[in-house]
Amino acid sequence: MRPLSHLDRLGERSRPHYGQLVLWTVLLCACAHCLYFELYWGTRPEGSVRVHNPASLLSFLPEAVTLNRGVCVGFGVLFAAGAVLWFLRRLLPWSAWATAFSFNVVVALYFENSSQETHVAHVAGMFLLIYALWYHFYRREIRDADRAGRFWATPLYPRWVYFLTVFYLGLFYGLSGFNKVATSGLSWANGVSLQLWAELFGDKSSVFTQMILSSRTAAAAMQWAALVGECGGLVAIVSRRLRPLVGILLIGFHIAQISVFGWGFYTNMFMLALVFLPVREWTPQVVAWWEGKAGNANLPIGAAPSANREIGVPRDRG
Amino acid sequence: MSEPGWASTPRGRKELLVVGLFCATFAVVPLLTTELYPFSRAPMFADAPRLYCDYGVRLPDGRQITDETDKATLTKLGVQRNYWGNPLGVGVGYEPPPTVDDFGKVADKEFVVEMVAKRLEQFPDWRYVEVVRTVVRPAADGLIVREPGETWRVNNPYYKRARGS
């Protein structure tokens with residue numbers, strides 16, 4: 001047996017419908033984030049003090065660059081142009097790299113000029129990077145398939161792209177969960193802190209806020225669910241069986257959190273739904289149903305519904 | 001579609017190397033530093049406060065200044081709230097202005113009075129201000145209560161009486 005044979009499965013490819021669904025969703029979300037970061041660039045209270053700890057990988061650049069709004073606007077424009085070209089699959093892989101790079105630069109420059117951290121854009125930034133890697137390694141196949149008019153019928157989406165998104169999402173939440181335990185212990189989920197946060201930041205008309213403020217037991221139950229969901233992120237990386245359960249817990253956590261606090265973790269919610277729920281497994285079936293409905297007669301051989309069993313999502317274990 | 005021996009092909013090895021580097025970097029860097037975009041330990045709300053304080057200011061003419069009505073003036077007086085769930089000054093280029101409010105803790109009267117008195121230099125028209133501190137904490141019945149506020153008068157050492165008054 002070859003030493004790397006157990007990794008062969010990461011190279012298995014399926015048709016690109018699921019990958020494109022995730023890519024288009026993340027591109028849309030990234031557009032919204034980019035607009036927000038451009039508009040709110042440099043918003044901080046008067047009297048804020050410059051800190052010298054690095055905030056991002058760009059912190060080593062001179063302040064003439066990192067504190068210059070023109071640079072941020074320039075990368076915003078580059079992002080917009082790259083995103084349109086990537087969506088149209090033009091100038092590959094440069095459009096993909098320009099999009100991923102410029103989006104992450106815009107986010108980093110926002111942090112360099114802010115006094116308040118936010119984590120709403122990390123997932124979008126890293127998903128763009130992962131998908132740019134896909135387009136980079138498969139640029140020739142993608143271009144050839146496009147030229148032949150067989151993009152949707154050609155197996156172009158490698159399993160490692162999906163694996164990396166599972167890994168990143170699971171790690172993001174896992175680190176957040178275990179950081180809470182490391183900082184405050186298991187008593188973090190005692191309900192008191194959530195009640196205080198809801199009292200301070202919560203939308204008092206939300207039913208979740210009212211539940212939290214009226215019962216410490218309910219608040220503690222919600223905090224435990226959030227903590228189990230977040231720590232479960234690491235389990236979701238290795239367990240395909242538990243992944244949807246962790247996904248549902250985390251999506252529920254975000255629904256409650258958005259309803260109570262209004263923080264815009266919409267991208268995370270969409271990505272959790274697309275990656276942790278069995279959307280990848282369902283996509284070939286939906287495509288087959290759609291193609292069957294549209295009529296197989298005019299479709300290329302590779303696009304016939306029967307082919308989905310072969311080149312769609314294999315029955316995998318993880 | 002499965003490509004037999006993919007992991008042993010030069011292309012497969014290259015792709016695997018990138019996958020491995022991505023995983024290793026994102027797993028290790030957040031353990032070394034809390035925030036360094038794009039790396040993050042996502043430390044939001046990792047603290048577990050047991051209480052917090054609300055600070056407000058009452059002016060000689062009876063006007064009340066709170067976090068909701070005029071945060072800029074509270075910030076000039078050093079009694080604003082900077083907290084919003086993330087560690088302050090971490091993962092960002094700026095730290096918010098100094099304040100007496102350390103979320104989850106109760107500052108003592110001397111500290112508050114000293115901080116505000118120093119900053120009254122920016123408001124020479126005010127003879128004094130009254131700082132009102134309200135502690136918000138959990139009650140035994142499972143609810144959250146706001147304790148009656150404590151009020152401290154801070155005389156303005158920089159007060160300049162208006163001419164003719």
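Me: How far apart are the centres of domain 1 of chain A and domain 2 of chain A?
Reply: 24 Å, going by C-alpha atoms. Keep in mind that this is a predicted model.

Me: Where are the domain bounds in chain A?
Reply: Domain 1 of chain A comes in two pieces, 13–41 and 57–157, and domain 2 of chain A covers 172–300.

Me: And how many residues does each one put into the contact?
Reply: Domain 1 of chain A gives 14 residues and domain 2 of chain A gives 15 residues.

Me: On the domain 1 side, which helices supply at least two residues each?
Reply: Helix H1 (17–39) and helix H5 (122–137) of chain A. The largest share is from H1(A), with seven residues.

Me: OK, switching to chain B. What are its domains?
Reply: Chain B has domain 1 at 6–40 and domain 2 at 52–155. Their centres are 45 Å apart over C-alpha atoms.

Me: Now the contact between the chains: how many residues from each?
Reply: Chain B contributes 51 residues and chain A contributes 63 residues.

Me: Which strand of chain A is joined to E5(B)?
Reply: Strand E2 of chain A, residues 49–50. The two run antiparallel, with two bridges between them. In E5(B), Glu95(B) is the bridge partner of Val49(A).

Me: Back to chain A as a whole. How many helices and strands?
Reply: 14 helices and three strands.

Me: Why call chain A as compact as a globular protein of its length?
Reply: Because its radius of gyration is 22 Å, close to the 20 Å that the globule rule gives for 318 residues. The C-alpha atoms of chain A fill a box of roughly 65 × 50 × 45 Å along the principal axes.

Me: What share of chain A is buried?
Reply: 47% of the 318 residues in chain A. As for contacts in chain A between residues at least 6 apart in sequence, 76% join residues at least 24 apart.

How values were computed:
Residues numbered from 1 in each chain as written. Chains lettered and ligands numbered in written order. Predicted model: local features only at pLDDT ≥ 70, side-chain atom pairs only at ≥ 80, totals over all residues. Domains from an automatic or database assignment. Contact = placed C-beta atoms within 7 Å. Helix = DSSP H or I, 4+ residues; strand = E, 2+ residues; numbered from the N terminus. Pairing = 2+ DSSP bridges. Rg over C-alpha atoms; globule rule 2.2 N^0.38 Å. Buried ≥ 20, exposed ≤ 12 C-beta atoms within 10 Å, placed from the backbone.
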